[in-house]
Structure formats: C-alpha cells, structure tokens
Amino acid sequence: MAAHVHDSVLQTLALMQKRAGDPDEVAKLARRQERELRSWLAGEGPSRPSERLADALRAAAIDVEESQGAPVEAVVVGDAPLDERMEALVAAAREALTNAAKFAADGGPVRLYAEIEDGSARVWVDDRGPGFDPDAIPKDRRGVRESIIGRMERFGGRAEIRSEPGGGTEIELSIEGEER
C-alpha cells in the first residue's frame, strides 16, 4: 500500500502544488487521482478499453473530461465484449459527451449512465446546459445527425434526444442484443 500511495497519490499532490495557480488543472489532477485510487481500492484489474464495453465507456468519459475541462460523472453497470456494434455505441456516446461538455452550464457536470446486460446496452448522457430544439438542427450540422443518430442507426441501434431551450439535454443510446 505504501508503494502505491508513493507512486500515485504523493506524485499527484506534488504536481498539484506546482500547478496551484491553475485551479482547473488542479481539479483535473484531483479527479484523475480520485478515479485511480477508487479503482485500486476496489481491487479492479487493469482497464481494457479495447476489449470491454464498460472500460471503453469509462475511458471515453475520462478523455472528454480531460480534453474539454468539464467534469464527467460516469456510472456503468454490467459489461460486454467490445465488438463493432458496441464500438459504434462508444463513439456515439463520446460525441454526446463532447457536445454536453461544450455546452454544460458553468462547465458541468456532465453525466453518463450505462446499463449493459445480455449483449444489450443503454447509455444516457445528460447535462444541465442551455438545451436546444433537436428539430431545428441545420441540415449542414452533422455532429448530432451523423455522429450520433446516423451512427447508431447504421449499427442497428437508436438514439433519442430529449432537449428544449433552457432545459438541458439528455441523449439515450441503445443497442439490443443480437439474435442467437
């Protein structure tokens, strides 16, 4: 335990001291360390985002949080192997997370919740940002239309967007298990 604390926690605290003048960077370091420490305390094995859906969704949430600066809370229940259908789900979730992080009120939080069972998966991404009218998306804007809705449809899934101006946004992505 002492080695782990030295290798991770103490090094992160030293980085935080060096970057004390940048509160956003300090918060990012603290969130990363908290995730790593919780994972270690829970006895979780190494993350396998190229093999497992749950790990891929968590990795997407971390990547978006670190690139956009908005905190992303991710809760994933269940797991499944990562195949091309589930990779499409992760890519659509990443696009939804990126959009939510860009538009989240006061920098966040953005939430991802996923339920994975029997080869099926449902993912919800929501924020409390300004919201928008999904029917008013200009035809030349392809992010929501192609990277989320179109991608899910091409892989046999669906995307549902619930949003209104001033009311935040929730995107629900789902893929049903394949017939056996």
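Helix α4 (84-103), strand β3 (120-127), helix α5 (142-154) and strand β5 (169-175) each supply at least two residues of the lining of the second largest pocket, where helices (H or I, at least four residues) and strands (E, at least two) are DSSP runs numbered from the N terminus. This is a predicted model, in which local features need pLDDT of at least 70 and side-chain atom pairs count only at pLDDT 80 or more, while totals for chains, interfaces and linings use all residues. Residues are numbered from 1 along each chain as its sequence is written, and side-chain values use heavy atoms, with hydrogens and water left out.

**Second largest pocket**
- A pocket is an open set of points on a 1 Å grid over the protein atoms alone, with protein on both sides within 12 Å along at least five of seven lines, and its lining residues have an atom within 4 Å of a point.
- The second largest pocket has a volume of about 460 Å³, a volume being the space filled by probe spheres set on the points, which are joined across faces, edges and corners.
- Of its 23 lining residues, Asn 99, Phe 103, Phe 132, Arg 141 and Val 144 are the closest to the centre.
- Helix α4 gives the most to this lining, with 6 residues.

**Chain and burial**
- The chain has 5 helices and 5 strands, which run α-α-α-β-α-β-β-α-β-β from the N terminus on.
- Of the 180 residues, 37% count as buried, meaning under 20% relative accessible area with a 1.4 Å probe and protein chains only, whereas exposed is over 50% and partly exposed lies in between.
- Tyr 113, in strand β2 (residues 110-117), counts as partly exposed because its relative accessibility is 32%.

Terms used: On a 1 Å grid over the protein atoms alone, a cavity is a set of points where a 1.4 Å probe fits but cannot get out, and a pocket is an open set with protein on both sides within 12 Å along at least five of seven lines; lining residues have an atom within 4 Å of a point.
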